[in-house]
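Hello,

Here is the structure for you to look at. My notes on its aromatic residues follow below.

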Amino acid sequence: MNSFNKLRQNNKWFSKVPLELHGHRKKLNYFVSQLDLYSKEHKLMHRDISVMEVGCSNGRNISLPLSEFGYQVTGVDIHKPSIEWANANNDFENTEFICQDFNKFKSTKLFDVVILSDILEHVSNPDKILNLAKKFIKKKGMILVCIPNGYGPYENEQRFLRYTHLDKLVDKLKKFIKHILGRKPGKQVEYNYESGHVQFFHQSDIEELVNYVGLQVKNRANGSLFGGGLTYSLGIILPFIIKPSLWLADQLPAKFVTTWYFRLGYKDNNENE
């Protein structure tokens, strides 16, 4: 095991990101790997790289783990209780959390990296959000994106559950399973559960959107395979299926998986000054 992987294991916040069918740990690993590549490409120390996470929520899944790696992190989210929780649990001098609508966010600072993790599917104006993110990155900066396949296994499973009215039954089933397994509910962590998906993308839609705002896909990867209400319950009952599921997602064509990861940057012939 190399020293970088040892660092990941020893980090408190990184180790708390769950390994489950949604792929939160896999997504974080992808972001960390792209940040590490960026660091090497531009010969920068982690402490010299500034990162803004848009829609950071309570910071647990991305901003706080990245803080442990030494990056200069700014988390922005409109949900006040989540930001209050993030600030109350933030012990890092290199990290700040700001409660603000990103549409109104102003800063003279440019960032090396802007992260849009599971954001574009929640907003009515994804082109505007992507343009704003572009405005805040440096000349050689990048935007890291995680977004669901709008017609992949997760979304189709959720459509089925809503159509058959089984979604509430599945919620009760998950609580029952946790009770049977003896998993007590943890201390309440603030999170915005009210914001649902309003955009449903094909991969071609993402590529068109990226091109429209003057950016380019520099790297892409598959995320999770399943994770809807019913299959997520299977992951709780049968945790040994999680790693094979995430591995299988890497082997399949992108249209058959639930989530995608992208690294975006300025077009090679149209870079920001």
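**Aromatic contacts and a surface patch**

Phe 105 and Phe 136 are both buried. Keep in mind that this is a predicted model.

There are seven aromatic pairs in the structure. One of them joins Phe 14 and Phe 69. Their geometry is edge-to-face, with 6.0 Å centre to centre and 75 degrees between the planes. This pair links distant parts of the chain, 55 residues apart. Phe 14 belongs to helix H2 (residues 12-16). Phe 69 lies in the loop between helix H4 (63-68) and strand S2 (72-77). Phe 14 and Phe 69 are both buried.

Phe 105 and Phe 136 also form an edge-to-face pair. Here the values are 5.4 Å centre to centre and 65 degrees between the planes. The two are 31 residues apart, and again the pair links distant parts of the chain. Phe 105 is in the loop between strand S3 (95-99) and strand S4 (111-117). Phe 136 is in the loop between helix H6 (126-135) and strand S5 (137-148).

Tyr 30, Phe 31 and Tyr 261 make up one aromatic cluster.

The charged end of Lys 16 sits over the ring of Trp 13, 4.8 Å from its centre. For Arg 159, the charged end sits over the ring of Phe 200, 5.1 Å from the centre.

Now the surface. Leu 234, Ile 237, Leu 238 and Phe 240 make a nonpolar patch of about 370 Å². Phe 240 sits in the loop between helix H10 (229-237) and helix H11 (242-251). Phe 240 counts as exposed because its relative accessibility is 60%, and the cut-off for exposed is over 50%.

Best wishes

Terms used. Residues numbered from 1 in each chain as written. Predicted model: local features only at pLDDT ≥ 70, side-chain atom pairs only at ≥ 80, totals over all residues. Heavy atoms only, no water. Patch = residues over 30% accessible without salt bridge, like charges linked within 9 Å, V, L, I, M, F, W, Y side chains within 5 Å. Areas by Shrake-Rupley, 256 points an atom, 1.4 Å probe, with all protein chains shown as cover. Salt bridge = Lys/Arg side-chain N within 4 Å of Asp/Glu carboxyl O. Helix = DSSP H or I, 4+ residues; strand = E, 2+ residues; numbered from the N terminus. Buried < 20%, exposed > 50% of the residue type's maximum accessible area, 1.4 Å probe, protein only. Phe/Tyr/Trp six-rings, centres within 6.5 Å; stacked < 30°, edge-to-face > 60°. Lys NZ or Arg CZ within 6 Å of the ring centre and 35° of its normal.
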